[in-house]
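Trainee: I have a model open and want to learn how to read it. Where do we start?

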Amino acid sequence: MRRDIFQAIADPTRRAIITLIALQAMTPNAIAENFHTTRQSVSKHLRILTECELVKQEQQGREIYYSLEIKKMKEIDKWLEQFRQIWETRFNQLDKVLLTMKKKKK
Amino acid sequence: MNNLLFDFTVDKPAKTIYINREFDAELSLVWEAFTKAELLDQWIAPKPWVSKTKYQNFKVGGKRFYAMVSPEGQEHWTIQEYTSIAPKINFKMYNAFADKDENPELPGSDWDHNFSEQNGITKVSITIYNESLARLEKLSDGFREGFTMSMKNLEELLANLSQK
């Protein structure tokens, strides 16, 4: 079955998995520890992500590590951009709060 | 919009995030906005999320316990313990996600805030050290599942990539 990239990100658990492994390769068990769900369910999500070519598997000894297919996701820095944006939004809100405080003082 | 400094850098090997921002206000106001719960609640949650502080005790060893509340009413709790306070100069805290009963989810992160003023412009420098980079996604407070803004970015990024 052919899968597309939008299927990969349609599910909140899969989005969370992408966020996790964007930072480091992880085993399915380590990934599953981050969710209130079964190991089987995490395996299913990993299979879908693999079929979408968003993640790749690598055998290291007895363990399989999953990592993000960087080429497909571009740089991790792009991913970090979201945190920058959250802070930017926050600080814009703070600018307004400070303006109100300044007016009250006068 | 304005020429106030804003920079945001991530040092991955050092597991540290550096944030610098200038504000067009005197230091005492900025200090208040960062240290008083009723003011923090007005800006710390990116809309449409709201911040609700259950209690705050701004002194060394004291805590702020608050929730980020989504438009659907989902609550993500955070507990912050103040570890050092030099009034209007610096304060440090240990930040950890928690459940609604104040049980922290460790490890958390160390936050350091520095304040300085020049010609009526106040600069705030924030350093966030996180023990585990795998938890970096949680640095943005309670946005474990919900961050719609970032997901929109991801979707756009993926849409661009899939067109190539």
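Mentor: Start with burial in chain A. Buried residues are 25% of its 106 residues. Keep in mind that this is a predicted model.

Trainee: Which elements make up chain A?

Mentor: Chain A has six helices and two strands. From the N terminus, they follow the order α-α-α-α-β-β-α-α. Then look at contact range. Of the chain A contacts with a separation of 6 or more, 55% are between residues 24 or more positions apart.

Trainee: How do I read a helix pair?

Mentor: Two packed helices are described by the angle between their axes and the distance between the axes. Take helix α2 (residues 12–21) and helix α4 (residues 39–51) of chain A. Their axes come within 10 Å and cross at roughly 75°. An angle of 65 to 115 degrees counts as roughly perpendicular, so α2(A) and α4(A) are roughly perpendicular to each other.

Trainee: Which residues of α2(A) and α4(A) meet?

Mentor: From α2(A) come A:Thr13, A:Arg14 and A:Ile17; from α4(A) come A:His45, A:Ile48 and A:Leu49. By class, that contact has three nonpolar, two polar and one charged residues.

Trainee: Staying in α4 of chain A, is A:Gln40 buried or exposed?

Mentor: A:Gln40 lies in that helix. It counts as exposed because it has 9 C-beta neighbours inside 10 Å, and the cut-off for exposed is 12 or fewer. The C-alpha atoms of A:Gln40 and A:Pro28 are separated by 9.5 Å, with the two residues twelve apart along the chain.

Trainee: Now the sheet. What is the general idea?

Mentor: Strands of a sheet pair through backbone hydrogen bonds, either parallel or antiparallel. In chain B, an open sheet of eight strands has antiparallel pairing and the order β1-β2-β8-β7-β6-β5-β4-β3. The edges are β1 (6–11) and β3 (50–56) of chain B; each has a single partner strand, so one side of each is left without a neighbour in the sheet. Neighbouring strands of this sheet are turned by 20° against each other on average, direction ignored.

Trainee: Which residues take a positive phi in the hairpins?

Mentor: Take three hairpins in turn. Between β4(B) and β5(B) there are five residues, and B:Gly73 takes a positive phi near 90°. Between β5(B) and β6(B) there are three residues, and B:Lys88 takes a positive phi near 60°. Between β6(B) and β7(B) there are five residues, and B:Glu102 takes a positive phi near 70°.

Trainee: Which strands does helix α1 of chain B lie across?

Mentor: Helix α1 (residues 27–35) lies across β2 (16–23), β6, β7 and β8 (121–130) of chain B. It runs at about 170° to β7(B).

Trainee: Which residues have the most contacts inside the largest nonpolar core?

Mentor: They are A:Leu94, A:Leu98, B:Phe23, B:Val30, B:Ala33 and B:Trp43, in a core of 22 residues. The elements giving two or more residues to this core are α6 (76–105) of chain A and, from chain B, α1, α2 (37–43), β4, β5 and β6. Now look at B:Trp43. Leaving aside neighbours within four places in sequence, B:Trp43 is in contact with A:Arg90, A:Gln93, A:Leu94, A:Val97 and B:Ala33. Another core, of 15 residues, lies apart from the largest one; among its residues are A:Ile21, A:Val42, A:Leu54 and A:Val55.

How values were computed: Residues are numbered from 1 along each chain as its sequence is written. Chains are lettered from A and ligands numbered from 1 in the order in which they are written. This is a predicted model: local features need pLDDT of at least 70, side-chain atom pairs count only at pLDDT 80 or more; totals for chains, interfaces and linings use all residues. Two strands pair if DSSP finds at least two bridges between them. Helices (H or I, at least four residues) and strands (E, at least two) are DSSP runs, numbered from the N terminus. Axes are lines fitted to C-alpha atoms, for helices over the stretch in contact, and angles run from 0 to 180 degrees between N-to-C directions. Two residues are in contact if their C-beta atoms, placed from the backbone, lie within 7 Å. Angles under 35 degrees count as roughly parallel, over 145 as roughly antiparallel, 65 to 115 as roughly perpendicular and the rest as oblique. Ala, Val, Leu, Ile, Met, Phe, Trp, Tyr, Cys and Pro count as nonpolar, Asp, Glu, Lys and Arg as charged, and the others, Gly among them, as polar. A residue is buried if 20 or more other C-beta atoms lie within 10 Å of its own, exposed if 12 or fewer, and partly exposed in between; C-beta atoms are placed from the backbone. A nonpolar core is a set of buried Ala, Val, Leu, Ile, Met, Phe, Trp, Tyr and Cys residues joined through C-beta atoms within 7 Å.
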